[in-house]
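Have it open while you go through the points.

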Amino acid sequence: MITWKRSVLTNLEGVYCVELFHTAQGLKIAAASETHGGWCKLVDFATRAEETVWTGPGGCMNISQLDEAGSVVGIQNFYKGFQSDKAQLVQASREPEGWRTKVLKVLPYLHRSGVVHTQNGPYVLASILCTHRDNAEDWSHPGNIQVAPIPQGDEEIQFRVIQEGITKNHGFWQGTLDGQQVTLIGGSEGLFRVLPPENGQDWRVDRLLTREISDCAVADLDGDGEDELVTFEGFHGDTAAVNKRINGVWQIVYTLPMHFSHAIWAGELLGRNMFVVGYRKGDGRMYLVDYQDGQYTPILMEEGVAPSNARGFVYQGRSYVIAAARDMDQVILYELTQA
(Lines give C-alpha, C1' and ligand atoms only; values in the text may rest on other atoms or scores of the structure.)
Protein backbone atom coordinates (compact mmCIF):
# COMPACT_ATOMS: atom_id res chain seq x y z
CA MET A 1 0.00 0.00 0.00
CA ILE A 2 1.33 3.43 -0.98
CA THR A 3 0.74 6.31 1.41
CA TRP A 4 2.03 9.86 1.52
CA LYS A 5 2.55 12.91 3.67
CA ARG A 6 1.32 16.17 2.12
CA SER A 7 2.82 19.60 2.74
CA VAL A 8 3.15 22.96 0.99
CA LEU A 9 6.67 23.46 -0.33
CA THR A 10 6.14 27.11 -1.25
CA ASN A 11 3.45 29.65 -2.06
CA LEU A 12 3.45 31.38 -5.43
CA GLU A 13 0.53 33.24 -6.95
CA GLY A 14 -0.60 31.65 -10.22
CA VAL A 15 2.11 28.97 -10.13
CA TYR A 16 1.98 27.08 -13.39
CA CYS A 17 5.24 25.22 -13.95
CA VAL A 18 7.58 23.28 -11.68
CA GLU A 19 10.90 21.71 -12.56
CA LEU A 20 13.83 19.92 -10.89
CA PHE A 21 17.24 21.58 -11.12
CA HIS A 22 20.24 19.43 -10.17
CA THR A 23 22.83 22.12 -9.44
CA ALA A 24 26.31 22.29 -7.95
CA GLN A 25 24.61 23.61 -4.79
CA GLY A 26 22.20 20.65 -4.62
CA LEU A 27 18.63 19.98 -5.68
CA LYS A 28 16.54 23.07 -6.41
CA ILE A 29 12.82 23.16 -7.14
CA ALA A 30 12.10 25.78 -9.79
CA ALA A 31 8.60 27.25 -9.93
CA ALA A 32 7.12 30.02 -12.06
CA SER A 33 3.80 31.79 -12.50
CA GLU A 34 1.66 32.29 -15.57
CA THR A 35 -0.16 35.39 -14.28
CA HIS A 36 0.60 38.97 -15.27
CA GLY A 37 3.47 40.10 -13.07
CA GLY A 38 4.14 36.49 -12.06
CA TRP A 39 7.34 35.50 -10.31
CA CYS A 40 9.89 32.74 -10.80
CA LYS A 41 11.74 31.29 -7.81
CA LEU A 42 14.15 28.51 -6.82
CA VAL A 43 13.65 26.57 -3.59
CA ASP A 44 16.60 24.67 -2.12
CA PHE A 45 15.11 21.28 -1.33
CA ALA A 46 17.46 20.55 1.59
CA THR A 47 17.21 23.89 3.40
CA ARG A 48 13.95 25.29 1.92
CA ALA A 49 15.81 28.57 1.32
CA GLU A 50 14.20 30.55 -1.54
CA GLU A 51 15.70 32.72 -4.25
CA THR A 52 13.67 35.04 -6.45
CA VAL A 53 14.79 34.67 -10.06
CA TRP A 54 12.43 37.30 -11.54
CA THR A 55 9.42 39.33 -10.42
CA GLY A 56 7.71 39.70 -13.78
CA PRO A 57 6.39 40.05 -16.38
CA GLY A 58 4.87 36.59 -15.85
CA GLY A 59 3.19 34.41 -18.44
CA CYS A 60 5.69 31.58 -17.86
CA MET A 61 4.75 28.32 -19.56
CA ASN A 62 7.88 26.35 -18.71
CA ILE A 63 11.42 26.62 -17.41
CA SER A 64 14.60 24.62 -18.04
CA GLN A 65 17.99 24.36 -16.40
CA LEU A 66 20.92 25.58 -18.49
CA ASP A 67 23.98 24.74 -16.37
CA GLU A 68 25.24 23.49 -13.00
CA ALA A 69 24.92 26.99 -11.56
CA GLY A 70 21.15 26.69 -12.01
CA SER A 71 20.75 29.28 -14.75
CA VAL A 72 17.21 29.35 -16.12
CA VAL A 73 15.95 29.35 -19.69
CA GLY A 74 12.22 29.99 -19.81
CA ILE A 75 9.19 31.57 -21.39
CA GLN A 76 7.47 34.83 -20.48
CA ASN A 77 4.45 36.77 -21.81
CA PHE A 78 2.28 33.78 -22.72
CA TYR A 79 -1.08 34.48 -21.07
CA LYS A 80 -4.46 32.80 -20.77
CA GLY A 81 -6.87 33.35 -23.61
CA PHE A 82 -3.90 32.96 -25.94
CA GLN A 83 -2.74 36.52 -25.42
CA SER A 84 0.71 35.44 -26.48
CA ASP A 85 1.79 37.31 -29.60
CA LYS A 86 4.53 38.92 -27.49
CA ALA A 87 5.80 35.68 -25.93
CA GLN A 88 9.53 35.69 -25.36
CA LEU A 89 12.40 33.39 -24.51
CA VAL A 90 14.55 34.57 -21.59
CA GLN A 91 17.72 33.51 -19.80
CA ALA A 92 18.23 34.22 -16.11
CA SER A 93 21.61 33.85 -14.39
CA ARG A 94 22.82 34.32 -10.83
CA GLU A 95 25.39 37.11 -10.63
CA PRO A 96 27.22 38.69 -7.65
CA GLU A 97 24.61 41.43 -7.34
CA GLY A 98 21.69 39.03 -7.78
CA TRP A 99 19.72 37.40 -10.56
CA ARG A 100 19.81 39.01 -14.00
CA THR A 101 17.28 38.21 -16.71
CA LYS A 102 17.81 38.99 -20.38
CA VAL A 103 15.46 38.52 -23.30
CA LEU A 104 16.99 36.16 -25.85
CA LYS A 105 14.24 36.51 -28.45
CA VAL A 106 10.63 37.57 -28.84
CA LEU A 107 8.91 34.56 -30.42
CA PRO A 108 5.16 35.06 -30.86
CA TYR A 109 3.11 32.14 -29.49
CA LEU A 110 6.16 30.45 -27.99
CA HIS A 111 4.60 27.81 -25.74
CA ARG A 112 7.37 25.38 -24.72
CA SER A 113 11.17 25.41 -24.77
CA GLY A 114 14.01 23.24 -23.54
CA VAL A 115 17.78 23.05 -23.42
CA VAL A 116 19.53 20.34 -25.45
CA HIS A 117 23.22 19.70 -24.84
CA THR A 118 24.99 18.68 -28.06
CA GLN A 119 28.54 18.03 -29.23
CA ASN A 120 28.60 21.66 -30.36
CA GLY A 121 27.36 23.13 -27.09
CA PRO A 122 23.93 23.90 -25.65
CA TYR A 123 20.97 24.62 -27.92
CA VAL A 124 17.47 25.78 -27.13
CA LEU A 125 14.57 23.94 -28.74
CA ALA A 126 11.46 26.12 -29.10
CA SER A 127 7.91 24.94 -29.84
CA ILE A 128 5.61 27.55 -31.37
CA LEU A 129 1.94 26.82 -30.64
CA CYS A 130 0.79 28.59 -33.81
CA THR A 131 2.08 31.39 -36.01
CA HIS A 132 -0.98 33.67 -35.94
CA ARG A 133 -4.43 33.83 -34.33
CA ASP A 134 -7.45 35.88 -35.25
CA ASN A 135 -9.30 34.67 -32.16
CA ALA A 136 -9.08 32.02 -29.44
CA GLU A 137 -10.67 29.39 -31.70
CA ASP A 138 -8.44 30.05 -34.70
CA TRP A 139 -6.12 27.10 -35.42
CA SER A 140 -5.66 27.84 -39.11
CA HIS A 141 -1.99 28.82 -38.76
CA PRO A 142 -0.04 25.76 -37.55
CA GLY A 143 3.00 26.08 -35.33
CA ASN A 144 6.54 24.86 -35.80
CA ILE A 145 9.71 23.68 -34.04
CA GLN A 146 12.77 25.94 -34.00
CA VAL A 147 16.33 25.51 -32.72
CA ALA A 148 19.20 27.87 -31.96
CA PRO A 149 22.59 27.64 -30.25
CA ILE A 150 22.53 29.48 -26.94
CA PRO A 151 24.78 32.55 -27.29
CA GLN A 152 27.94 32.83 -25.23
CA GLY A 153 27.90 36.51 -24.39
CA ASP A 154 25.72 39.24 -25.82
CA GLU A 155 25.48 38.15 -29.45
CA GLU A 156 21.96 37.75 -30.85
CA ILE A 157 20.42 34.30 -30.81
CA GLN A 158 19.70 32.86 -34.27
CA PHE A 159 16.75 30.50 -34.64
CA ARG A 160 15.88 28.31 -37.60
CA VAL A 161 12.82 26.16 -38.24
CA ILE A 162 13.37 22.39 -38.36
CA GLN A 163 9.71 21.28 -38.56
CA GLU A 164 6.69 23.10 -39.94
CA GLY A 165 2.99 22.33 -39.79
CA ILE A 166 2.18 21.21 -36.24
CA THR A 167 -1.32 22.36 -35.29
CA LYS A 168 -1.91 22.84 -31.55
CA ASN A 169 1.82 22.35 -30.99
CA HIS A 170 1.43 21.73 -27.27
CA GLY A 171 3.15 18.72 -25.69
CA PHE A 172 6.85 18.91 -24.81
CA TRP A 173 8.86 16.22 -22.99
CA GLN A 174 12.63 15.77 -22.72
CA GLY A 175 14.42 12.64 -21.58
CA THR A 176 15.54 9.21 -22.74
CA LEU A 177 13.57 7.00 -25.12
CA ASP A 178 15.14 3.71 -26.24
CA GLY A 179 18.47 4.84 -24.82
CA GLN A 180 18.56 8.08 -26.83
CA GLN A 181 18.26 11.65 -25.56
CA VAL A 182 15.15 13.00 -27.27
CA THR A 183 12.51 15.70 -27.17
CA LEU A 184 8.93 14.56 -27.80
CA ILE A 185 6.45 17.12 -29.11
CA GLY A 186 2.71 16.54 -29.40
CA GLY A 187 0.16 18.17 -31.66
CA SER A 188 -2.87 17.49 -33.83
CA GLU A 189 -0.74 15.70 -36.42
CA GLY A 190 0.73 13.27 -33.90
CA LEU A 191 3.66 12.77 -31.56
CA PHE A 192 7.02 13.87 -32.97
CA ARG A 193 10.49 12.77 -31.85
CA VAL A 194 13.31 15.32 -32.16
CA LEU A 195 16.86 13.97 -32.17
CA PRO A 196 19.86 16.32 -31.80
CA PRO A 197 22.64 16.35 -34.40
CA GLU A 198 25.43 13.79 -34.17
CA ASN A 199 28.58 13.24 -36.23
CA GLY A 200 27.96 16.24 -38.45
CA GLN A 201 24.32 15.40 -39.15
CA ASP A 202 21.45 17.86 -38.83
CA TRP A 203 18.56 17.76 -36.36
CA ARG A 204 16.15 14.94 -37.14
CA VAL A 205 12.38 14.92 -36.66
CA ASP A 206 10.21 11.82 -37.10
CA ARG A 207 6.68 10.87 -36.10
CA LEU A 208 5.91 8.13 -33.57
CA LEU A 209 2.10 8.47 -33.43
CA THR A 210 -0.31 9.89 -36.01
CA ARG A 211 -3.30 10.72 -33.77
CA GLU A 212 -3.70 14.00 -31.86
CA ILE A 213 -1.57 14.05 -28.69
CA SER A 214 -1.65 16.84 -26.13
CA ASP A 215 1.18 15.83 -23.77
CA CYS A 216 3.36 12.81 -23.04
CA ALA A 217 5.93 11.18 -20.76
CA VAL A 218 8.15 8.09 -21.08
CA ALA A 219 9.25 5.24 -18.78
CA ASP A 220 9.55 1.46 -18.75
CA LEU A 221 6.41 1.02 -16.71
CA ASP A 222 5.96 -2.77 -16.82
CA GLY A 223 9.62 -3.61 -16.24
CA ASP A 224 10.19 -5.55 -19.46
CA GLY A 225 13.17 -3.43 -20.53
CA GLU A 226 11.25 -1.42 -23.16
CA ASP A 227 9.85 2.09 -22.73
CA GLU A 228 6.16 2.89 -22.76
CA LEU A 229 4.59 6.20 -23.80
CA VAL A 230 2.07 7.85 -21.50
CA THR A 231 -0.07 10.20 -23.57
CA PHE A 232 -2.98 12.58 -23.23
CA GLU A 233 -5.29 11.73 -26.12
CA GLY A 234 -6.61 14.81 -27.89
CA PHE A 235 -5.90 18.44 -27.09
CA HIS A 236 -6.24 18.61 -23.28
CA GLY A 237 -8.38 15.55 -23.89
CA ASP A 238 -10.41 13.25 -21.68
CA THR A 239 -8.09 10.24 -21.68
CA ALA A 240 -4.66 9.34 -20.37
CA ALA A 241 -3.25 6.31 -22.17
CA VAL A 242 -0.30 3.94 -21.87
CA ASN A 243 1.13 3.02 -25.27
CA LYS A 244 3.22 -0.14 -25.66
CA ARG A 245 5.02 -1.47 -28.71
CA ILE A 246 3.48 -4.77 -29.77
CA ASN A 247 5.14 -6.33 -32.81
CA GLY A 248 6.82 -2.99 -33.45
CA VAL A 249 3.58 -0.97 -33.43
CA TRP A 250 2.54 1.42 -30.65
CA GLN A 251 -0.78 0.26 -29.20
CA ILE A 252 -2.87 1.53 -26.27
CA VAL A 253 -2.88 -1.00 -23.42
CA TYR A 254 -4.41 1.10 -20.60
CA THR A 255 -6.59 4.20 -20.29
CA LEU A 256 -7.69 6.49 -17.45
CA PRO A 257 -10.45 9.13 -17.73
CA MET A 258 -9.40 12.80 -17.54
CA HIS A 259 -11.19 16.16 -17.62
CA PHE A 260 -9.00 18.78 -19.35
CA SER A 261 -5.83 16.72 -18.96
CA HIS A 262 -2.82 18.75 -17.91
CA ALA A 263 -0.13 17.39 -15.54
CA ILE A 264 1.94 14.39 -16.64
CA TRP A 265 5.15 12.73 -15.48
CA ALA A 266 6.68 9.23 -15.53
CA GLY A 267 9.73 7.75 -13.80
CA GLU A 268 11.09 6.00 -10.74
CA LEU A 269 9.36 6.20 -7.37
CA LEU A 270 9.60 3.71 -4.51
CA GLY A 271 12.08 1.60 -6.45
CA ARG A 272 10.01 1.10 -9.62
CA ASN A 273 8.63 3.15 -12.48
CA MET A 274 5.19 4.77 -12.17
CA PHE A 275 3.41 7.72 -13.70
CA VAL A 276 1.51 10.73 -12.43
CA VAL A 277 -1.36 12.40 -14.28
CA GLY A 278 -3.83 15.10 -13.35
CA TYR A 279 -6.58 17.24 -14.80
CA ARG A 280 -7.74 20.79 -14.13
CA LYS A 281 -11.51 20.75 -14.68
CA GLY A 282 -14.32 19.19 -12.67
CA ASP A 283 -13.04 17.68 -9.43
CA GLY A 284 -9.41 18.40 -10.40
CA ARG A 285 -7.93 15.01 -9.58
CA MET A 286 -4.30 13.88 -9.54
CA TYR A 287 -3.41 10.19 -9.77
CA LEU A 288 -0.35 8.08 -9.17
CA VAL A 289 -0.55 5.01 -11.43
CA ASP A 290 1.37 1.89 -10.39
CA TYR A 291 2.00 -1.29 -12.40
CA GLN A 292 1.83 -4.40 -10.22
CA ASP A 293 0.88 -8.04 -10.87
CA GLY A 294 0.33 -7.44 -14.56
CA GLN A 295 -2.05 -4.51 -14.32
CA TYR A 296 -2.11 -0.73 -13.92
CA THR A 297 -3.67 0.56 -10.70
CA PRO A 298 -4.64 4.26 -10.36
CA ILE A 299 -4.22 5.69 -6.88
CA LEU A 300 -6.07 8.94 -6.20
CA MET A 301 -3.62 11.34 -4.55
CA GLU A 302 -5.91 14.33 -4.17
CA GLU A 303 -9.12 15.90 -5.44
CA GLY A 304 -9.33 19.62 -6.03
CA VAL A 305 -5.59 20.08 -6.57
CA ALA A 306 -6.19 20.62 -10.33
CA PRO A 307 -2.47 20.38 -11.13
CA SER A 308 -1.08 22.31 -14.07
CA ASN A 309 2.22 20.40 -13.85
CA ALA A 310 3.78 17.69 -11.69
CA ARG A 311 7.17 16.04 -11.23
CA GLY A 312 8.36 13.00 -9.31
CA PHE A 313 11.84 12.44 -7.91
CA VAL A 314 13.96 10.51 -5.44
CA TYR A 315 16.06 12.45 -2.92
CA GLN A 316 18.34 10.77 -0.39
CA GLY A 317 16.46 7.50 -0.85
CA ARG A 318 13.00 8.99 -0.34
CA SER A 319 10.37 9.37 -3.07
CA TYR A 320 8.46 12.59 -3.71
CA VAL A 321 5.92 14.16 -6.05
CA ILE A 322 5.53 17.92 -6.47
CA ALA A 323 2.52 19.55 -8.08
CA ALA A 324 1.85 23.08 -9.25
CA ALA A 325 -1.62 23.77 -7.80
CA ARG A 326 -2.24 26.89 -9.85
CA ASP A 327 -5.65 27.74 -8.40
CA MET A 328 -4.34 27.30 -4.83
CA ASP A 329 -1.21 29.41 -5.48
CA GLN A 330 0.86 26.58 -4.01
CA VAL A 331 3.57 24.08 -4.89
CA ILE A 332 2.43 20.95 -3.04
CA LEU A 333 4.89 18.28 -1.91
CA TYR A 334 3.93 14.64 -1.36
CA GLU A 335 6.43 12.35 0.39
CA LEU A 336 5.59 8.76 -0.56
CA THR A 337 6.05 5.62 1.49
CA GLN A 338 5.41 1.95 0.77
CA ALA A 339 3.50 0.40 3.65
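1. Let's start with Glu51, which is partly exposed at 23% relative accessibility. (Buried here is under 20% relative accessible area, exposed is over 50%, and partly exposed is in between, with a 1.4 Å probe and protein chains only.) Its partner is Arg94: the two side chains meet in a salt bridge, 2.8 Å from N to O. For the term, that is a side-chain nitrogen of Lys or Arg within 4 Å of a carboxyl oxygen of Asp or Glu. Glu51 sits in strand S5 and Arg94 in strand S8 (residues 88-95), so the pair links distant parts of the chain, 43 residues apart. Strands are DSSP runs of E, at least two residues, and helices are runs of H or I, at least four, both numbered from the N terminus. Arg94 also counts as partly exposed, at 33%.

2. Some housekeeping before you go on: this is a predicted model, where local features need pLDDT of at least 70 and side-chain atom pairs count only at pLDDT 80 or more, while totals for chains, interfaces and linings use all residues. Residues are numbered from 1 along each chain as its sequence is written, and side-chain values use heavy atoms, with hydrogens and water left out.

3. How many salt bridges does the rule give? The count comes to 23. One of them joins Lys86 and Asp85, at 3.9 Å from N to O. Lys86 is exposed at 56%, whereas Asp85 is partly exposed at 42%.

4. Asp327 is exposed, at 53% relative accessibility, but Arg326 is buried, at 13%. Both belong to a network of salt bridges that also takes in Glu34 and Arg280.

5. What about disulfides, meaning pairs of cysteine sulfur atoms within 2.5 Å? A search of the whole structure finds 0. For Cys40, the nearest cysteine sulfur is that of Cys60, 6.0 Å away. Cys40 is buried, with 0% relative accessibility.

6. A few backbone spots deserve a check. The peptide bond from Gly56 to Pro57 is cis, with omega near 10°, and Pro57 lies in the loop between strand S5 (50-54) and strand S6 (63-65). Lys168 is not a glycine, yet has a positive phi of about 50°; look for Lys168 in the loop between strand S13 (160-166) and strand S14 (171-177). Asn247, also not a glycine, has a positive phi of about 55°. Asn247 is in the loop between strand S20 (239-246) and strand S21 (249-257), and is exposed at 79%.

7. Last, the second largest pocket. Its lining has 23 residues, and Lys80, Phe82, His236, Phe260 and His262 lie nearest the centre. (A pocket is an open set of points on a 1 Å grid over the protein atoms alone, where a 1.4 Å probe fits, with protein on both sides within 12 Å along at least five of seven lines; lining residues have an atom within 4 Å of a point.) By class, the lining has 10 nonpolar, 5 polar and 8 charged residues.

Methods:
Nonpolar A, V, L, I, M, F, W, Y, C, P; charged D, E, K, R; others polar. Disulfide = S-S within 2.5 Å.
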